[in-house]
Amino acid sequence: MFEKAPDTAPSWARGLNPQQLEAASHDGSPLLVVAGAGSGKTGTLVARVARLEQGAAPERILLLTFTRRAAREMVARAGAMSGSSNARRVWGGTFHAIANRLLRVHGRAVGLSPGFTVLDTADSADLMNLVRGELGLEGNRRRPRKETLAAIYSAMVNGEAKLAEVVSKSFPWCTEDLGAIRRVFEGYTTRKRAHAVVDYDDLLLYWRAVASSPGAGARLRDMFDHILVDEYQDTNPLQASILSAMHSPKADLMVVGDDCQAIYSFRAATVTNMLDFEQRFPGTRVVKLE
């Protein structure tokens, strides 16, 4: 049985066992927290946010979660734990929600107007279908459904993979349509740019582009002193590359995940991001919650 922090400890530390306390109080090098089921990883993340917002400007803390609800609940719990309303100023949300906010201000650096419109998944599929019809690619033979086209496109972007690779691996029945699919995607991209619209996948692409650009990238990195990521085992290669572009020696980076709980393949999620974290971020400290 782990001994927990006493009641005389700071409010954010109370009730944490030694491993949880180490994760919540770590500073400096990148931190990978391997959290098994029932190990209190959410409470540990909340405790870390509560600790950070007591000593740092809350608006310089970035908390990335798998759902918007999770972000809201963690920020609210951190505020209750610290007894401060400042936690509400923490940048909390999903990768896509945070990208949307950042691009409204910094998107011009990569040619994106701040008034862009975001297409949802259904709208994206409909636009691809429209482009396919305009290109006269319907033909007599049965073609991939519009939802399949959208899934292929998303897998390419989020998995940072080539069209032929994605089709061969996950959509082999579409192999005969490679040429037509490529033309649809080209027309789809042209149409989006012409009408200042982006899809969910574009939000991440543009975020990485801004973060990787010489001037705007430095401004983005300078916005945050602390970056925290929940459910890291369910991130995809594009999200991992965004973290690489956002990370700097001045910013603490902490990710939490369970490589045995990687259940989502949505948008090319892969547990490899967690397994390769130490290679991507040298000097990583690993803490295991049990």
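Predicted model: local features only at pLDDT ≥ 70, side-chain atom pairs only at ≥ 80, totals over all residues.
Me: Why is Thr-235 called buried?
Reply: Its relative accessible area is 3%. Buried means under 20%, so Thr-235 is counted as buried.

Me: Where in the chain is Thr-235 found?
Reply: Thr-235 is in a loop, with β6 (226-229) on one side and α11 (237-246) on the other.

Me: What makes the pair of Thr-235 and Asn-273 a polar contact?
Reply: The two side chains are joined at 3.0 Å. The cut-off for such a pair of N or O atoms is within 3.5 Å, so the pair counts as a polar contact.

Me: Which backbone atom lies 2.8 Å from a polar atom of the Thr-235 side chain?
Reply: That atom is the backbone oxygen of Tyr-232.

Me: How do you know that β6 and β7 pair?
Reply: Between β6 and β7 (residues 252-257) there are 4 bridges. Pairing needs at least two, so β6 and β7 are paired strands. They run parallel, and Ile-227 stands opposite Leu-253 in β7.

Me: What is the order of the strands in the open sheet?
Reply: The 6 strands follow the order β3-β2-β6-β7-β1-β8, and their pairing is parallel.

Me: Why are β3 and β8 said to stand at the edges?
Reply: β3 (91-93) and β8 (285-289) each have a single partner strand, so one side of each has no neighbour in the sheet. From one strand to the next, the twist averages 10°.

Me: Which strands does helix α1 lie across?
Reply: Helix α1 (residues 18-25) lies across β1 (31-35), β7 and β8, and runs at about 140° to β8.

Methods. Residues numbered from 1 in each chain as written. Heavy atoms only, no water. Helix = DSSP H or I, 4+ residues; strand = E, 2+ residues; numbered from the N terminus. Buried < 20%, exposed > 50% of the residue type's maximum accessible area, 1.4 Å probe, protein only. Polar contact = N/O pair within 3.5 Å; in protein donor to acceptor, adjacent residues only side chain to side chain. Axes fitted to C-alpha atoms, helices over the stretch in contact; angles between N-to-C directions. Contact = heavy atoms within 4.5 Å.
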